[in-house]
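Here is a short tour of one model, for you to follow with the sequence and the coordinates open. Please keep both in view as we go through cores, contacts and charged pairs.

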Amino acid sequence: MDYPTLKQLELFLALVNSDGIASAGAKLGMTPSATSHALRALERTLGTTVVDRNASSVELTFAGREILPHVRDVFAGLRLIQATAGASAELKTGRLRIGSFGTSSSLTLLPPLLAAFRERYPGIEVNVSEKTDLEIEQDLIERRVEIGVVTLPKPQFDTLLLGVDDMVAVIPAGHELADSDPVALTELARHPLIMTYAGSQELVNRMFARAGIQPRVTHELQQIISILEFVALGHGVTIVASLALPDRHEGVVYRRITPRFSRRVGLACLNERRLSPAAAALWEQARSA
């Protein structure tokens, strides 16, 4: 039985994020002729077309979309083989890619975990990319990162709890609600809301939905410093996870919220039993912390 070659499968993956068949081949150093030949050979081997040639841009057929996750698994397995072989030398070398959803993880949860990891495995290069929670989910699925720090629950992944924090109100100093502690969610909803457009947005929406309240969102900001400055200038109030906040910020006060709403943060991966040695070492370190 004939099987696709790795070069053909590599071309297939390159097609997914390309604007044309020729440009996908160019990414792999292939000429247009060689690209066309490799794609036809792949489709002959599979017995079906994988690219809709009548589409205006690169579009996979139904069969192409169905095999895509399995092709990604092939290369994930190859990377795991390489990582296992290289890192079996007592984890002296290697690379670990981690996704982090924002300030809470990047400044609070990850640093002590990575500091202990680097002390134990100084030869492992750790790369952290900071994105939104949803983007990290996609990066995990597409194998751009091996471990992500995400909000829980994430039933589609294997997960490990790192910490729990409360959602808190951030209010301008001198505001009519500044002396309330805790402050009622219904009272917060009476004022313009500056929505965090990062890891906590879904949780904030869920808080209001659960209470049957429609907030008046006037700004959507991603950076915590921008959010705090907007509040300090009196543009509105906001709700942020406590781990994302500095100890204090000029011009604002932090207040508990009633009803109380907590957030769970943890590590996520596709399959903890198939992690590379470096990722598995970090996972086990977090588990035992």
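A salt bridge here is a side-chain nitrogen of Lys or Arg within 4 Å of a carboxyl oxygen of Asp or Glu. The side chains of Arg248 and Glu250 meet that criterion, at 3.6 Å from N to O.

## About the model

This is a predicted model, in which local features need pLDDT of at least 70 and side-chain atom pairs count only at pLDDT 80 or more, while totals for chains, interfaces and linings use all residues. Residues are numbered from 1 along each chain as its sequence is written, and side-chain values use heavy atoms, with hydrogens and water left out.

## Salt bridges

A search of the whole structure turns up 18 salt bridges.

Another pair is Arg287 with Glu284, whose closest N and O atoms are 3.2 Å apart. Both lie in helix α10, three residues apart, or about one turn of the helix. Helices (H or I, at least four residues) and strands (E, at least two) are DSSP runs, numbered from the N terminus. Arg287 counts as partly exposed at 41% relative accessibility, and Glu284 also counts as partly exposed, at 41%. Elsewhere, salt bridges with shared partners join Arg72, Lys131, Asp139, Glu142 and Arg144 into one network.

Within that network, Asp139 bridges to Lys131, with 2.8 Å between the closest N and O atoms. Asp139 is buried, with a relative accessible area of 5%, whereas Lys131 is partly exposed at 30%. Side chains of opposite charge can pair when their charged atoms come close.

## Nonpolar cores

What does the largest nonpolar core look like, and which residues have the most contacts inside it? A nonpolar core is a set of buried Ala, Val, Leu, Ile, Met, Phe, Trp, Tyr and Cys residues joined through side-chain atoms within 4.5 Å. The largest one has 32 residues, and Leu96, Ile98, Phe117, Ile124 and Leu282 have the most contacts inside it. Two or more residues each come from β1 (94-100), α5 (103-120), β2 (124-130), α6 (133-141), β3 (147-152), β11 (262-269) and α10 (277-288). The largest share, six residues, is from α10. Apart from this core lies another, of 22 residues, among them Ala178, Ile213, Val237 and Ala241.

In soluble globular proteins, nonpolar side chains tend to be buried together. Ile124 is in contact (heavy atoms within 4.5 Å) with Leu91, Lys92, Thr93, Gly94, Leu96, Phe117 and Ala278, leaving aside neighbours within four places in sequence.

## One aromatic pair

The whole structure holds one aromatic pair. The rings of Phe117 and Tyr121 have centres 5.0 Å apart and planes at 50°, so the pair is tilted. Rings of Phe, Tyr and Trp (its six-membered ring) pair if their centres lie within 6.5 Å; planes under 30 degrees apart count as stacked, over 60 as edge-to-face and the rest as tilted. Phe117 and Tyr121 are both buried.

## Ala268 in strand β11

Ala268 sits in strand β11 and is buried, with a relative accessible area of 0%. Not counting residues up to four places away in sequence, Ala268 touches Leu140, Glu146, Ile147, Gly148, Val150, Phe157, Asp158, Thr159 and Trp283. The C-alpha atoms of Ala268 and Phe157 are separated by 5.9 Å, although these residues are 111 apart along the chain.

Gln8 belongs to helix α1 (residues 6-16). Is Gln8 buried or exposed? Gln8 is buried, at 11% relative accessible area, and, beyond residues up to four places away in sequence, touches Ala38, Ala41, Leu42 and Thr45.

Leu60 is found in the loop between α3 (32-46) and α4 (62-87), and counts as buried at 11% relative accessibility. With residues up to four places away in sequence set aside, Leu60 touches Phe12, Val16, Val50, Val51, Arg65 and Leu68. Leu60 and Val50 are 10 residues apart along the chain, and their C-alpha atoms are separated by 5.6 Å.

Methods. Buried < 20%, exposed > 50% of the residue type's maximum accessible area, 1.4 Å probe, protein only.
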